[in-house]
Every structure is written in C-alpha cells, then in structure tokens.
Amino acid sequence: MIALAAAHALVVSVLTKSDTAPANAVSVADALVAAEADGLASHGLSRVPAYADQAKAGKVNGHAVPELRRTAAGALFVDAKDGFAYPAIAQGLAEAAGMARANGVAGMAVGNSHHFGAAGYHVEAPASAGLLVLAFGNSPLAIAPWGGSKALFGTNPIAFGCPRAGKPPLVIDLSLSKVARGKIMGAAQKGEAIPEGWALDSEGAPTTDAKKALAGTMLPMGDAKGAALVLMVELLAAALSASNFGYEASSFFDAKGPPPRVGQFFLLIDPAKFAGPAFGPRVEALLGAIAAQPGTRLPGERRLKLRAAAAKDGVKIPADLLADLERRAA
C-alpha cells in the first residue's frame, strides 16, 4: 500500500523529471491520484509512464500554458496548447463557473487537448459549488460507425454532476463503449482474457483476446443507439473545439507521432436561475425514491466508499508499476 500523499509526490516527481512544469505536474497528479483512490485504476497511476514518455518526446507539452478566450457572455474557449488536459480544464472551469452564475448557462470548449482521464473528476468541483455540469470528451479511434468495420470514433466518455445540499454531489461517469478502453489495455498488459461482447478483432469478429481487441474495434453500449451517442459526443467535443476527430488523433498510450489534439466540451448550468429554491428538494425527492427501493444504489456510492478507505489506508498498485515509477523519479 502507498499513502495518497506519497503517491501524489511520486507522480509529481516522475513528471517533473520528464520535462513537465511543476504546476502542470501537480495538476496531473491531483487527477490521477484521485482516480486511483476512487478505484479507477485504468485512469490512475497506470497512466503515468505513458504521460511521462510523451512529455519527454514532446507529444504532450509539459510546459504548456493554457490560453482562455471569452468569445461571448456565456461562451469560453480554452486552448490547451498541446499540453495536459487537466490544467487547461481546471483553469477554464474556474472561469466558466462565474460565467454560468452570471448568465444562467455557460459553455466551455477545450481544444488542442490531451487525455482528460476520468470524466467525472472534472464535474465534481463545479457540482460541489452548486452547478449542474455536463462533460464530453473525444478520444483516439476505437469504435466503428454502426454497421461498419473500421474505427472512426473514440470511446468518448461523458459525465454529469448534480449538486446536493449538505451531501457530496451526484456524479455519473461513463464511457460510451461497453467498457472503458483502459480496461482492455490493462487486460492486455496482464495477459488476461476479456469477456465476449466487449470488442471485435480487426476482421470484425467477436474476440476475448485483449490484444486482438486493441487492434480491432470496441463495441458501443446500446449498439446502434450507443453509436449515435458516440457521434454526438464527437461533434460536441471535437467539432466545437476545432480539434481532431478520433480517426485523426494519435494514441494516448505511447509516445509516437504528433500530439493527439483532441477536444472536450463542458456545459455548466446554474439551477438557481431556473427552478430556484425548488431545485434541491426536487433532486432529493427523486434520489430518495430510488434509494427507497431494495437493491438499488445511487451512482458513485461505491466510489465514495473506496475514496474514504484510500484516504485512510492508501492504495495498492502493482509492484512492477511502483518500481517503474520509483525508477523514473530517482
């Protein structure tokens, strides 16, 4: 086990030794350690070696300073400048939150960006501050159009944050593939099989071989309906931010090629400008009705329990990963 503070310091050290500015390294470490604590290992410390290699190679600019441009009263464009997504999104959301409170609604597009990790991480802070938040991100090719055999879209995660009075916000975070691509990557690294129904091989046939799945395409959740949602997110995240579509973006997992230059889009809503004081009680009425049914649980309950345990006991990461990070930090 490694304490969260120690894990954070280790990630910062690895990244700063890999040509990343300290402030950017801290922002990345904040997000990756949070994901690890929440049980999202595929978006946690396992990402550090690839991030570090990409920073060294210049595929991601570790010294990028995001540029924020207000283009209208409720519209913000953030140019990530080929840097890590986390500092660009954090700085942009801090600005967009004030815009949403002033106007009722604010939209924020992030362009020339990189992997934004666990989508739910980004919506939690604004939701904790009383805003409704929707997040959309596109990613390198993994999913084919429905009926096709060639990948064009990424797994294109979405997230939703809803404030709750006196309680942690409701956070919904999901990939539009049947599973996150990171899970298949993890299985491939461990030499483990994946369940049938997750992916197709390069010939379009179902496969349980994780490596063949990575060379093929992933299946969208909801089949044709899911494929339509994937397209929607591609347009919201990449077209609105003038960024690369999935089939144009380079991989998040290696240091080869140019920067991926993907995009993200966030919609922030101030519920006080719509339902006023009735919003909170209406939210709790619905969530209470869900919780009243035996066998149900609200999204995020497991994540919060894991977070509390990690804060107390730390997190367990594979020995080979820990050794690699310690070597890079030395």
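Ser-177 touches Ile-143, Thr-155, Met-218, Leu-219, Pro-220 and Met-221, not counting residues up to four places away in sequence (touching, or contact, means heavy atoms within 4.5 Å). Ser-177 sits in the loop between β6 (167-174) and α6 (181-190). Helices (H or I, at least four residues) and strands (E, at least two) are DSSP runs, numbered from the N terminus. This is a predicted model, in which local features need pLDDT of at least 70 and side-chain atom pairs count only at pLDDT 80 or more, while totals for chains, interfaces and linings use all residues. Residues are numbered from 1 along each chain as its sequence is written, and side-chain values use heavy atoms, with hydrogens and water left out.

**Ser-177**

- Ser-177 has a relative accessible area of 2%, so it is buried. Buried means under 20% relative accessible area, exposed over 50%, and partly exposed in between (1.4 Å probe, protein chains only).
- Its side chain makes a polar contact with the side chain of Ser-175, at 2.8 Å. A polar contact is a pair of N or O atoms within 3.5 Å; within protein, one must be able to donate a hydrogen and the other to accept it, and residues adjacent in sequence count only if both atoms are side-chain atoms.

**Nonpolar cores**

- The largest nonpolar core has 28 residues, and Leu-15 and Leu-45 touch the most other members. Such a core is a set of buried Ala, Val, Leu, Ile, Met, Phe, Trp, Tyr and Cys residues joined through side-chain atoms within 4.5 Å.
- Two or more residues of this core come from each of α1 (4-16), α2 (22-37), α3 (48-57) and α11 (319-329). The largest share, seven residues, is from α2.
- In soluble globular proteins, nonpolar side chains tend to be buried together.
- Leu-15 contacts Thr-20, Ala-25, Val-28, Tyr-51, Ala-52 and Phe-84, leaving aside neighbours within four places in sequence.
- Leu-32 belongs to helix α2. Its relative accessibility is 1%, so Leu-32 counts as buried.
- Beyond neighbours within four places in sequence, Leu-32 is in contact with His-43, Gly-44, Leu-45, Arg-47, Val-48, Tyr-51 and Tyr-86.
- From Leu-32 to Leu-132 there are 100 residues in sequence and 23 Å in space, C-alpha to C-alpha.

**Helix packing around α1**

- α1 and α2 pack at an angle of about 140°, with their axes 8 Å apart. α1 is therefore oblique to α2.
- Axes are lines fitted to C-alpha atoms, for helices over the stretch in contact, and angles run from 0 to 180 degrees between N-to-C directions. Angles under 35 degrees count as roughly parallel, over 145 as roughly antiparallel, 65 to 115 as roughly perpendicular and the rest as oblique.
- The crossing of α1 and α2 is right-handed. A crossing is left-handed if the near helix is turned anticlockwise from the far one by less than a right angle, and right-handed if clockwise.
- On the α1 side, Leu-4, Ala-7, His-8, Val-11, Val-12, Leu-15 and Thr-16 take part. They meet Pro-22, Ala-25, Val-26, Val-28, Ala-29, Asp-30, Val-33 and Ala-37 in α2.
- α1 and α11 pack at about 55°, and their axes are 8 Å apart. These two helices are also oblique to each other, but their crossing is left-handed.
- Here Leu-10, Ser-13 and Val-14 in α1 meet Leu-322, Leu-325, Glu-326, Arg-328 and Ala-329 in α11.

**Helix α3**

- Seven of the ten residues of α3 are buried, so this helix is largely enclosed by the rest of the structure.
- The buried residues are Val-48, Pro-49, Ala-50, Tyr-51, Ala-52, Gln-54 and Ala-55. They pack against α1, α2, α4 (85-103) and α11.
- Gly-58 follows α3 and has a positive phi, near 85°.

**Loop residues**

- Asn-156 is not a glycine, yet its phi is positive, about 45°. It lies in the loop between β4 (132-137) and β5 (158-164). Its relative accessible area is 0%, so Asn-156 is buried.
- Arg-261, also not a glycine, has a positive phi of about 50°. It is in the loop between α8 and β9 (262-269). At 31% relative accessibility, Arg-261 is partly exposed.
- Gly-222 is in the loop between β8 (217-218) and α8 (224-239). Its relative accessible area is 49%, so Gly-222 is partly exposed.
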